[in-house]
Amino acid sequence: NDNFVGVLTGKGISFGGSLIRTEATGYGVVYFTENMLKHIDDQVKGKRCVISGSGNVALYAAQKIIHLGGQVVAMSDSSGYILDEAGIDNEKLDFLIELKTKRRGRIQEYCEIYKAKFIANKRPWEVPCDLAFPCATQNELSLDDAKNLVKNGIQLVAEGANMPSTIDAVHYFTENNVLFAPAKAANAGGVAISGLEMTQNSMRLSWTSEEVDQKLQDIMLSIHNQCVQHGQSENMTDYLKGANINGIIKVADAMLAYNVL
């Protein structure tokens, strides 16, 4: 159903699919993060956030963070990252969306319009922040990056890309009591909306973007709660453990249902 992404328009859909499919993975990872923080009586609002990447996942994660009151101070592409200490607001983000999705420009151009620094050939994990969102590519966040983040007081890391943290980095986060949202749970929003697309198309339904967004929020909350159920420990929730156990249970249940076991 990703084939429907290309027919999304500003006002609706020409041939099927779901509204906000383009935004779904980025929105979903932030919804998952907000649920993690709510679980410890906290919230995204007021948090200093760093995002790697500037594709759809990163751009729309930034949009949702801004909407929830967080401050995005850094984003990146393959040439380096920008650091905007004043924070990327909606106007600045609109510029980035235009730059990266339509003009296919380099992120350094942001610094020609707005007061910000460009740091070439580096990833943004050296920037002090509360929340980190690796949304660029696999294995982009190394053990050294994890050490930098922990040293600078990171509270939570949520994976927007597919397995962006190396296994050593993941272990370092858990050893240092950093809340860690693994990609298999946190970036499920895009796949979830693909499932909704199949439902809409087969039933000839047309949902508004608000309806789809609410369904996405409900799905990410359900995934979060299942991770908590299977990953709760004495001190904090191990979301990686919870996601792994929940996934194994789902596979085992399916195998039993189909009499494979």
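Which residue forms a salt bridge with E126? In this predicted model, the partner is K122, with the closest N and O atoms 3.6 Å apart. A salt bridge here is a side-chain nitrogen of Lys or Arg within 4 Å of a carboxyl oxygen of Asp or Glu. Both residues of the pair are partly exposed: E126 has 32% relative accessibility, and K122 has 42%. Buried means under 20% relative accessible area, exposed means over 50%, and partly exposed lies in between (1.4 Å probe, protein chains only).

The model is predicted, so local features need pLDDT of at least 70 and side-chain atom pairs count only at pLDDT 80 or more, while totals for chains, interfaces and linings use all residues. Residues are numbered from 1 along each chain as its sequence is written, and side-chain values use heavy atoms, with hydrogens and water left out.

The protein chain has 10 helices and 7 strands. Helices (H or I, at least four residues) and strands (E, at least two) are DSSP runs, numbered from the N terminus. Of the 261 residues in the protein chain, 49% are buried. The chain exposes about 12,800 Å², and carbon and sulfur atoms supply 49% of that area. Accessible areas come from the Shrake-Rupley method with a 1.4 Å probe; for residues, only the protein chains shown count as cover. Among contacts with a separation of 6 or more, 63% join residues 24 or more positions apart. Contact means heavy atoms within 4.5 Å.

The strands form an open sheet of 7, in the order β4-β3-β2-β1-β5-β6-β7 and with mixed pairing. Strands β4 (117-120) and β7 (179-181) stand at the edges; each has a single partner strand, so one side of each is left without a neighbour in the sheet. Neighbouring strands are turned by 15 degrees against each other on average, direction ignored. Two strands pair if DSSP finds at least two bridges between them. For the angles, axes are lines fitted to C-alpha atoms, for helices over the stretch in contact, and values run from 0 to 180 degrees between N-to-C directions.

Strand β1 (residues 48-52) is mostly covered, with 4 of its 5 residues buried. β1 runs parallel to β2, and 3 bridges join the two. Within this pairing, V50 stands opposite A74 in β2. Strand β5 (residues 131-134) and strand β6 (residues 156-158) also run parallel, joined by 2 bridges. Here A132 has V157 in β6 as its bridge partner.

The largest nonpolar core holds 50 residues, of which F32, I51, M75, L96 and F133 touch the most other members. A nonpolar core is a set of buried Ala, Val, Leu, Ile, Met, Phe, Trp, Tyr and Cys residues joined through side-chain atoms within 4.5 Å. Helix α1 (residues 24-39) gives the most to this core, with 8 residues. Leaving aside neighbours within four places in sequence, L96 is in contact with L59, M75, I82, I88, I107 and Y110. A second, separate core has 20 residues, including L141, A146, A169 and V170.

Charged pairs were searched across the whole structure, giving 8 salt bridges. One of them joins the side chains of R106 and D77 (3.7 Å, N to O). This pair links distant parts of the chain: R106 is in the loop between α3 (90-101) and α4 (110-113), D77 is in strand β2 (residues 71-77), and the two are 29 residues apart. R106 is partly exposed, with a relative accessible area of 37%, whereas D77 is buried at 13%. D77, K100 and R106 are linked in a network of salt bridges. The side chains of D84 and K92 meet in another salt bridge (3.0 Å, N to O). In that pair, D84 is buried at 1% relative accessibility, and K92 is buried at 12%.

Most residues other than glycine have a negative phi. N121 is not a glycine, yet has a positive phi of about 60 degrees. N121 lies in the loop between β4 and β5 and is exposed, with a relative accessible area of 67%. M163, also not a glycine, has a positive phi of about 50 degrees. M163 lies in the loop between β6 and α6 (167-175) and counts as exposed at 53% relative accessibility.
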